Amino acid sequence: MSDKVLQVNDLRIRFRNGKETSQPIRGVNFHVKKGETLGIVGESGCGKSVTSLSVMGLLPIKTSEIVSGEILFNNRDISRLKEKEYRKLRGNEISMIFQEPMTSLNPVFTIGEQLSEPLRQHKKMSKSEIRNNIIAVLKQVGLPRAEQIIDEYPHQLSGGMRQRVMISLALLCHPKLMIADEPTTALDVTIQAQILELLKEIKVKNEMSLMLITHDLSVVAEMCDRVVVMYAGEVVEEAEVNELFDRPLHPYTQGLMKSLPSNNERKSKLFSIDGQVPKPSEIGEGCVFANRCPFAFEKCFAETPPAFNRGKHISKCWLQDPAVKEVMQNEERSIVNS
Amino acid sequence: MKNEVLLTVKNLKKYYEISQGMFKEKIVVRAVDDVNFTVMRGETFALVGESGCGKSTTGRTILRLVEPTAGEVIFKGTNLASLPYEQMRSLRKQMQMVFQDPYASLNPKKTILQILMEPLKVHNKFDKKERLRKIIAMLKIVGLSEYHLDRYPHEFSGGQRQRIGIARAVILQPDFIIADEPVSALDVSVQSQVINLMLELQKEFGLTYLFISHDLSVIQHMTDRVAVMYLGKIVEVADTEDLFRNPKHPYTQALLSAVPVAHPKEEKKRIILKGDVPSPANPPSGCAFHPRCPFALEICKTKMPEPTTFEKGHTANCHLYIKNEEEIEYVTSYS
Amino acid sequence: MIRLSGDPTALFLPPDAPREQIEEYREKLGFNRPIYVQYGDFMVNAVQGDFGQSLRSREDALPLVLDRLPATFQLAISALVLSLLISIPLGVLSAFRRNSIFDRIAVAFTVLGQAVPSFWLGLLLIYFFAAQLNMLPSGGAGSITHLILPMVTLAAYSVARFTRFTRSTMLDVLRKDYIRTAKASGVPTLRLIGRYALKNSLIPIITLVALDLGTLLGGAVITEVVFAWPGIGRLLMQSLMNRDFPIVLAGVFIIALIYAVINFIADVLYAYVNPQIRVK
Amino acid sequence: MTVNIPKVTHTTQSIKAKKQSAVVTFFSNLLRSWTGMVGFLIMILLLFISIFGQWIVPYDPLLADFGKKLLPPMTDGHLLGTDQLGRDIFSRIILGARVSVIIGLTTVLIAGTFGTIVGIISGYFRGWVDVILMRIVDVQLSFPFILLVLVINAIIGSGLRNIIISLAIGGWVIFARVIRSEVLALREKEFITACVATGVTRIGILFKHILPNLFTPIIILSSLQIGTYIIAEASVSFLGFGVQPPEPAWGNMLNEGKDYIFSSWWLITFPGIAIMITALGVNLFGDWLRDTLDPELKGE
Amino acid sequence: MRKNSLVLLVLSLLLILSGCTEGTAGTSNSDGDGDSSTSTKDSLVIAFEADAGTLIANSDVNYVTDTQIRNIYDPLIDRDGQSGEFVPVLAEEWKNVDELTWHLTLKEGVKFHNGADFDANSVKYSIDYILDDANQSFYKSRWVDVEEVKVVSPFEVEIKTSKPFPSLIQRITEDLLIMEPGYVEEVGTDEAAKKPIGTGAYKFVEWSRDNYLKLEANEDYWKGTPEIKKLEFRYIPEFSSRLSAFLSNEVDMFKNIPVDSVGKIESDDDSKVEKVPSARINYLALNTFYDGPLKDEKVRQALNHAVDVDELIEAVLNGNGTKMTGPLAVINTGYIETKGYEFDPEKAKSLLKEAGYEPESLTLTLDTPNGRYPMDTQVAQAIAAQLQRIGVKVNVQVNEWGAHLEKIRNREMKDMFILGWGPAFDPQSTIENLFTEVAPYSGFYDEDIEAKIYETNALFDEEKRFNGYAELQNALVEKAAWVPLWQQADLYAVRKDLNFKPRVDEKIQAFEMSWN
């Protein structure tokens, strides 16, 4: 099992807001292997960001709680580490880049001041060493004029440059795992292409694993080796990327792909998943997708489906139950071909 | 049907002056800089470009939500740009807008009934009873129902709000709707619902859309013609299919190539552009794209390119096409 | 604006002065003219820095006012420093340990602090520390002990306001993405708050402090009266009572000027901590 | 071709969300915050005694009784003692409440109305009107509020009516400022743009869309300003301007009492407590209102 | 790397603060503080409610100014502190040559603080200073009848008046202080107003506006060396603060204790209260300029019967006042005992009825200043309460002082108002200024009385003059122009071991004091 950098087992997280509690994450399992890029894909509110923050230990202390489950990083459970211990990991062995490069950099400190932080915290280096290191990394992420940029303030840089700065911040200590939470969502297409290219490149160069969180299936297609699909706080499907795009098993994944305009004939009516994601308070027994699923039958509303494996392709849908399959053998119910 | 010109935009300009303090000179931001295009009745005309390219401003300037600095906007033969306020106001029943942020564009203090009633009242359409019937019918068309009437915008989800926004735009039965990034704020699954709705409505009411978006896949799916904008200027105009199949302008080519693949097995040739979009306050000389253009020539730095016309009304503003065909062949295949 | 209710001549001339002389004075001082003429005249002179002479001492009003400036500065600045020294750590701590007992007490304190009128607080302090305990002088200037009570009185309101503001700004800042970024780089909590969050909160705090200086200067008027502090405020009050309006106007003018200057300084400081403005 | 109508899921929330009357919402919100509740109760109490005070006072607040001067609290049936003229302090405080309430409410009404009108004009019509109005506001804002009130009061003379006028003259600028910036912010809101796009008239936009959205900031600002006015009046009266004796106002009670600070502590204690409780109540209520009505500020 | 800017900010501000504090702390050396045990105390700190308006003589009529600068300047003639009689100071003798001429002989060998000699020129200069319009002296109105001051010899002057000026000596006594002509000429009036030079017992040291005035003993003082070497006047506007400063030994004496606080000071071991009936009188004016019931003499008399002055003195002033029955106080030179009105509510009611008023239907307005005279508002309210007893309703209107004066002068007063007058030694000033039609602060006018006033004022013969004023006093009482109240009691809080005898003319002369 040593090839798994990160393993998340049955993670459950609860949020408290006054007297109300909600569970944005309900029993999430996945892992990231050494050197691979894992995509976590899902729509807003599905819990993908909460998952990533929990790995970083950045969930708000007062209002959130890991109810159960474990987060194994290099086979060590870090889910209940003390803040001080966690700090040794953050920015050092696990690092993270965020969606909004505009707001994720502190406007009142220079790039150099901010980039020196992880090195100060985790490496014993002299000031000049730190500076040289930073300049090197800034160059590595393709920033021109690195020597000048180090003394500039974030507002003097464009969005793409800021995201590069963010990436270099995450790279400084040569982490084993980098989490990228929607790293290109706020960027223009041409800049997105630059950044994705850069991420691919540095992942290989730095021999690290990448956990890419996105709502954009095409980014997943572009970047990932393996994909986890999340819906309403649960992992509904997990597969190797080609496998997933060729044979999505879960109706939600199928619907998601089908509703992309590029997967539809021009000007035709797009496929769409009816209805909306249930609110946390509305989730009860049964499959979380049942209320929107075109194939839902009684069992879906009554019982929560377990994860069914088809090789390394896992999906949480009663349709994948061999028993059910038997019954419906003759009716091919995948909407991919409908 | 597509031969009737509905809207012509001629030399439209919108400059903003930004004061830099008392003693410094004002900066002039050329948000929209000499834009020309025509929209035919019944078609969906797209404006595409990256953030800050002026596509939204163009849309708003056409509707006089932003006063144009110069230029003409001829809608059904009337120049909107010089129309007195009151006349413009009454013309608005023929041209409506759908906004990107469905929450911000609905008055939080008004119920859905009030929001939908307002356009009817303002333009004095139908009598009172008729209005309510019309509103309920409209709600049903956009997929909401009668009992939503007394709700406030915050009680709806993003997708539902956008339906309300669309209902408000369509209820006056306008000829022309400008949709400014109508689906960008929505999740994929909801986005497809709204796109479907817009397509249905177009068929039902014979609407003409000016569709503003940065999302190339959406544009490819639902529009008839596309204008690509860069730094306040239109660099290329073509039929949608033509543009996606055969982009002429290097910027368009880069833009299309930057779109991530739809399937992991798909191989894609990429033109990765250098650097970022320059500020419209300080655009580069000559062709605004030249500092990032992989094919930039000497002339690009100094001279603004004129549009070159290709088959089927496909035009592109690029110096490359002034030269002979062979060279173009050479340059483009080199990429 | 020029003629206060109550004719100043009455207050300066001896009570047995005959009517003619009073009229003569009024004429000499220009009170017999229509108010708008007086006003216009005053404005013309004031712009040139000439506020006229004090009716009582027959000296130029402006130097008389400027004379008191150091005392007022001393009071206002020491109160400002005191309130910043208390309120910033308090607000930061309170924001950091949000909803803790400490935070609740701090919040209650600030709410209360904003409701206590400063002159009353001054009276209470005099009652306890001067009248009852006989520890501190109840008024006047001179030694540092004279400064304590008026300084505390004047600072109290600002402490409440600044604490409250620091707390909410800090809470705001702590929610910001860049704080999360810093956390994700492994920055320790203390450093996070002391260096990162604080500098960001400082920007709005500086603005507030500058804006509040008006309140502080206004409060200084009352505090100076309560504690007989020989500053502009007390001079103003006396002159108001005496209808010595050249002094009143010069004083009000000077205070407005100080306020403007301080706002300018705040702008400079603001630019200093906020690079978005500094580097354009 | 028929239009496809997507299904709409009826979430439990939307079914539950029946229209509640505003009053019910108000109180259910209020009950959830004990600080808001305390503030509200104080305000109700204040309103009550300012209306019915003259009938519930145990003694005539104006009647001097030299035989009973400077009695300490709880003697001879005087709950809070008597002052230097033998007047019952409790009764005077009760009657003083009316002065404070009248001043607080009237001033906010005058300053608020005027300031709001100026703010709307300035923010909505902009241009040179805005420039001129805001220059006036700026100039006035560079004078400390309390000082301005004091000077104005000295000019126009003391008394209840004049202190209200002074406070209003000193106070309208805050309203003008805040309302202007609200209007400016509202103008930029997309829903206003949407109104323009719909073809709503300018007047229609102002009255139907901007004004209703100003209601919340006006209410919040007013409630917070009342406390400021009450304290300012007390300060001015304390300094010998403002409300004049024998009319009992808390500020001038303190003014009269300050000479007795060494001998009779109760003269300066109780009126001060009354001011403090009032300001506290108004502020708590104002804070609560802001938190409830302005969701954008709700975080804190 | 930049240091935390907050720390910088705070440090810099602290620096400013400490700078300021040291500055002021340095100027006020530790005099006046405690050390009551040491026997060799030679400094005195006196608290005043307000600063001097100016330090130049002959300009500001305010008593606070006058009291202070009289320690620096000497007058020509002074009053005896107890009897109020004239006593020579820089003038050795004075005589009336004719109706329009006065002759004064001056003291020789007196030197100013700067070493200059005092002589007739100084006197001429000082009087001319008052008369010169350019100096805007507030005293001028009282001196307009002076035509010329003639230097007869170095120590003799002759004052010529344009019309008979019987009260000239009074004016000289009360107003005139002698300035050093050479010094004022040299430095100019502005400078002289900040750094005074006189012949007085104390020399100027330092003046911090609204803070303190410091003087030191003039060792060469012609009357002898003052025992108190350092004299400081400190300005503390609030009574409570003055009291606190006094009780904490910061201040050795102050004037005007509110009557309710007398006990507090008397109970202090280190302190005593000194008291003297002053030449300042308080009265209730029954305004005849207002067209109301008080135009009727009977009503005015009724009010005199209805107000119980004794009760007011006891209940409101705690006995600190000396009852008056007529317009003049015992201290006045022209005083005669008048027969006052008995306190008789029944009589009052019947008088009102005679005048055609039902007491219960009568509503009067009473204006009072606030804090100008001891317990003034309280007195007003007490009077209101007393009148209430016979059924007359009185609305008390409290005015801020300036407004009060203006109302009187503009004849905007309604039925009654409270006013004080003084220090009044000379009958003319009181009677002329309070009972004639044109006098600004008058509240009473009667044709016959006015004629009599002008007639008496012009008299030169002492006896005739006295009789004239005696007649007037009786007439005014009869016509019930006022409800005369009392002579104020001047109450001084004084350190127990200070030798101090309060003067009837309110002056505080440190030269007359010493420590035990």
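Predicted model: local features only at pLDDT ≥ 70, side-chain atom pairs only at ≥ 80, totals over all residues.
In which order do the eight strands of the open sheet in chain B stand?

**View 1. The open sheet of chain B has eight strands.** The strand order is β6-β7-β8-β3-β9-β10-β12-β11, and the pairing is mixed. Strands β6 (95-98) and β11 (307-309) of chain B stand at the edges; each has a single partner strand, so one side of each is left without a neighbour in the sheet. From one strand to the next, the twist averages 20 degrees.

**View 2. Strands β7 and β8 of chain B pair in the parallel sense.** Strands of a sheet pair through backbone hydrogen bonds, in either a parallel or an antiparallel manner. Here, β7 (residues 176-180) and β8 (residues 208-213) of chain B are joined over five bridges. Within this pair, Leu210(B) in β8(B) is the residue opposite Ile178(B).

**View 3. A helix of chain B lies across two strands.**

**View 4. A nonpolar patch is found on the surface of chain D.** The patch is formed by Leu47(D), Phe48(D), Ile51(D), Phe52(D), Trp55(D), Ile56(D) and Leu105(D), which together have about 700 Å² of accessible area. Helix α3 (residues 34-56) of chain D contributes the largest share of the patch, six residues.

**View 5. Phe52(D) is located in helix α3 of chain D.** The relative accessible area of Phe52(D) is 36%, and the residue is therefore classed as partly exposed, the class between 20% and 50%.

Definitions and conventions
Residues numbered from 1 in each chain as written. Chains lettered and ligands numbered in written order. Heavy atoms only, no water. Patch = residues over 30% accessible without salt bridge, like charges linked within 9 Å, V, L, I, M, F, W, Y side chains within 5 Å. Areas by Shrake-Rupley, 256 points an atom, 1.4 Å probe, with all protein chains shown as cover. Salt bridge = Lys/Arg side-chain N within 4 Å of Asp/Glu carboxyl O. Helix = DSSP H or I, 4+ residues; strand = E, 2+ residues; numbered from the N terminus. Buried < 20%, exposed > 50% of the residue type's maximum accessible area, 1.4 Å probe, protein only. Pairing = 2+ DSSP bridges. Axes fitted to C-alpha atoms, helices over the stretch in contact; angles between N-to-C directions. Contact = heavy atoms within 4.5 Å.
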